[in-house]
Structure formats: C-alpha cells, structure tokens
Amino acid sequence: MAETVTVSPAAGGFDRYGNPITPGTPVVLPTLAVAPGNTQLQAGEGGDLDDVQFTVYLDLDSPIQDDDAITVRGKQCLARVQEWRSPWTGRGGLVVFARSTTGKGG
Amino acid sequence: MADLTTQDVDAFTNGRLAHDAAQTARLLAAGLGAARRYCGWHVTPPNADVVTLDGPGSPLLVLPTLRLVSLTGVVEEGITADLAYVDWSVRGLLRKRTGYAGGDYGLGHCWTAKLGGLTVSMNHGFAEAPEWQSAVLSYIDRTSLAASVGGRETVGPFSFPGTTVASGTAFTDSEKMLLDLYRLEPSV
C-alpha cells in the first residue's frame, strides 16, 4: 500500500465579495514515493529550531499547488510544486518539496 | 452494445486522445482493424454479412464466426438451399438434414468441395464483448504513445516502462490473451 500524505489547500486572499478565503478541505493522497531530505535540530533559548524537508512524488493530476499545507510523516509542511510533463506523451508527475520549520533556535 | 467510438477512446485515455481529433479516429480505425484481422472476423456488434467460402467437401461447414445470430441464406454452386433442411449452431456450424434439396454434391450430405462454391448470408457477432473492446482500447492507448517515443520514457525523475509485444503479433501478452477469447481457429 502506498504511503499517503494529507494536503490542505492554502487559505489566503479574498473572494469577489471581499471575504477572506478559508482553507480547503484536507485530502489524503497516495504517493509514488517519499524521499527524506535535510533535517536540522538546533537547541536555543528562544525555542529549538526544527527544520525537516521531504521530497514527495505524486501522480500528475494530484490536487496540490504551491503554498498548500502538506502533512508528511506527521510533519506539517509547506508545499512547493514542480510539474514534470512529457511534451510528446503528456506523461509525467509532480515533485513536491515539503518543508517544515518550527522554532527559531539561537 | 454498439461499436467503439472516439468518445470511448477519449474516456479511456482521460481526454489525452480527444474525441473530435482526426488522429483519434485514425487510431480507432487502425485498432479495430488490427484486432479484427487478428481474430479473423468482426466480433462485435451483430450485423448482416455475406461471405463466400470454399466448399469443405465434408458434411460440416464451419462459418467464420463464433456467434451466429441467424442464418438467412445459403447458395451452393448457384443453387439456393432450403434452410428448413439446414441445421446450424450458434457457434457457426452448418449441416444438411435429410431431404435437403438444394443439391447434393459429393458423398451423402456433404457440402460441395468447389473453391468459392458457397455463399452464406447471416447475421452474426457478439452483442457484448467487453474484454475484446478493452483490449482494443489498450492497444490504441499504447500505440498512440509508442508512435511518439517508442519504448521506455523518462520524464525528469519519473520513468515509464516500455511494453513488449507478444511474438508474431502487434499486441501485448495481456491484450492477446483477451483477443484470443474471440479469435477463430486459424485455418490449416
């Protein structure tokens, strides 16, 4: 069974009536793969800095875009999305850089 | 079920092959043609057909079908047979009954041995052949990609495997397995 991530569409901006747009309903997506990236844990008086990165590989038409919240292996991250699409066949996939940073260290 | 349409191809490929594109119609015609040529008959849907056959010279006449819906006419060496004296099966097998008056060539109730000596009119074909249609759609989807890039394709970090076809055919093993369910026995 494929590992899953949870994506919450980003809030932000205003609709045409001037009302703030609320976050969308979280959706659970199966991944093609999840690759661990850099991690950093730095103790500090003002709170520990905890920085974790993942690279998540998804199907091409997965509902995710930049700045969506994505939960990967229990970490709440911010998504940055790259779309790979073959110009000949239309096949490809999404590469999502997910980064979670809490605290400030120092 | 009606014959496959470009709408079916559009749905199967999630819109990659648009139903109103000329290429889709061409690929559909090629796919249906390849599958029907491999199977030896049109398979689906049921329709009226007139075939001219070589006489077997034996009591059993095997029609090029796997689903005979109705037999509408048999002409043997120019003589129209009385169908009341012809037994036929859904499988497409014909035998003469005692009393057959359309001409009795050869021994007993044998059919003529003349090449091209029989003309048969019939309605035949499966009303439903979902496995066959699925194989045709798979073939169309695959060949539409292969026409552009060939086998294996790598797109950034994503890699898509190529497909290998079964020996002596244009179809993969899984497509061939489905088509074989509807294929006539190859003549010797």
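1. A salt bridge here is a side-chain nitrogen of Lys or Arg within 4 Å of a carboxyl oxygen of Asp or Glu. A:R91 forms one with B:E153, and the closest N and O atoms are 2.9 Å apart. The count between chain A and chain B is one salt bridge.

2. Please keep in mind that this is a predicted model, in which local features need pLDDT of at least 70, side-chain atom pairs count only at pLDDT 80 or more, and totals for chains, interfaces and linings use all residues. Residues are numbered from 1 along each chain as its sequence is written, chains are lettered from A and ligands numbered from 1 in the order in which they are written, and side-chain values use heavy atoms, with hydrogens and water left out.

3. Now the interface as a whole. In contact (heavy atoms within 4.5 Å) are 13 residues of chain A and eleven residues of chain B. Together the two chains bury about 970 Å², with 73% of it on carbon and sulfur atoms; this is accessible area (1.4 Å probe) lost on putting the two parts together, summed over both. Of the area that chain A buries against chain B, 58% comes from A:W84, A:T89 and A:R91, more than from any other three residues.
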